Amino acid sequence: MKKETKLIAEFMGFTDEAFERVNLLTLKYNTSWDWLMRVVEKIEDMGCEVVMNNEECTISGANDYYAESIGKSRRGATYNAVIEFINEYNKKK
């Protein structure tokens, strides 16, 4: 989970200097809708569409980015799709 939290934090603009001052365990992207929705909003601001239905989440749109996840919960599926999206985004940067 620590690896995924760092991945999201970097996507959200955290720098190496910020990581020195922040404990990754205090970042709640995997447990809080409020935290996760900030990431979803950034993805949408990039021109992507994020669709969440029950235990599924699909992210599609800008620059052929695409991620899809099915999880045990809506939040879990969204979190997993966000991770997949960021990994694909980083590969294409």
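Ring pairs link Phe11, Phe85 and Tyr89 into a cluster, where Phe, Tyr and Trp rings (the six-membered ring for Trp) pair if their centres lie within 6.5 Å. The model is predicted: local features need pLDDT of at least 70, side-chain atom pairs count only at pLDDT 80 or more, and totals for chains, interfaces and linings use all residues. Residues are numbered from 1 along each chain as its sequence is written, and side-chain values use heavy atoms, with hydrogens and water left out.

**Aromatic pairs and charges over rings**

- The structure holds four aromatic pairs.
- One of them joins phenylalanine 11 and phenylalanine 85, whose ring centres are 6.3 Å apart with planes at 85 degrees, so the pair is edge-to-face; planes over 60 degrees apart count as edge-to-face, under 30 as stacked and the rest as tilted.
- Because phenylalanine 11 lies in helix α1 (residues 2–11) and phenylalanine 85 in helix α4 (residues 74–92), this pair ties together parts that are 74 residues apart in sequence.
- Both phenylalanine 11 and phenylalanine 85 are buried, a term for under 20% relative accessible area, with exposed meaning over 50% and partly exposed in between (1.4 Å probe, protein chains only).
- Tyrosine 29 and tryptophan 35 also form an edge-to-face pair, because their ring centres are 5.2 Å apart and their planes stand at 85 degrees.
- Tyrosine 29 has 4% relative accessibility and therefore counts as buried.
- The charged end of arginine 38 sits over the ring of tryptophan 35, 5.1 Å from its centre; the criterion is NZ of Lys or CZ of Arg within 6 Å of the ring centre and within 35 degrees of the ring normal.
- Lysine 42 lies over the face of phenylalanine 11, at 4.6 Å from the ring centre.

**Nonpolar core**

- The largest nonpolar core has 26 residues, such a core being a set of buried Ala, Val, Leu, Ile, Met, Phe, Trp, Tyr and Cys residues joined through side-chain atoms within 4.5 Å.
- Ile8, Val39, Ile43, Ile59, Val82, Phe85 and Ile86 have the most contacts inside this core.
- At least two residues of the core come from each of α1, α3 (33–45), β1 (48–53), β2 (56–61) and α4.
- Helix α4 gives the most, with seven residues.
- Not counting residues up to four places away in sequence, isoleucine 86 touches Leu7, Ile8, Phe11 and Val39; contact means heavy atoms within 4.5 Å.

**Surroundings of glutamate 68**

- Glutamate 68 is placed in strand β3 (residues 66–70), and it counts as partly exposed because its relative accessibility is 40%.
- A polar contact of 3.3 Å joins the side chains of glutamate 68 and tyrosine 66; the term covers N or O atoms within 3.5 Å where, within protein, one must be able to donate a hydrogen and the other to accept it, and residues adjacent in sequence count only if both atoms are side-chain atoms.
- Apart from neighbours within four places in sequence, glutamate 68 is in contact with Cys57, Thr58 and Glu84.

**Overall fold**

- The chain has four helices and three strands, defined as DSSP runs (H or I, at least four residues, for helices; E, at least two, for strands) numbered from the N terminus.
- Along the sequence, these elements follow the pattern α-α-α-β-β-β-α.
- Of the 93 residues of the chain, 35% count as buried.
- Along its principal axes the C-alpha trace spans about 35 × 30 × 20 Å.
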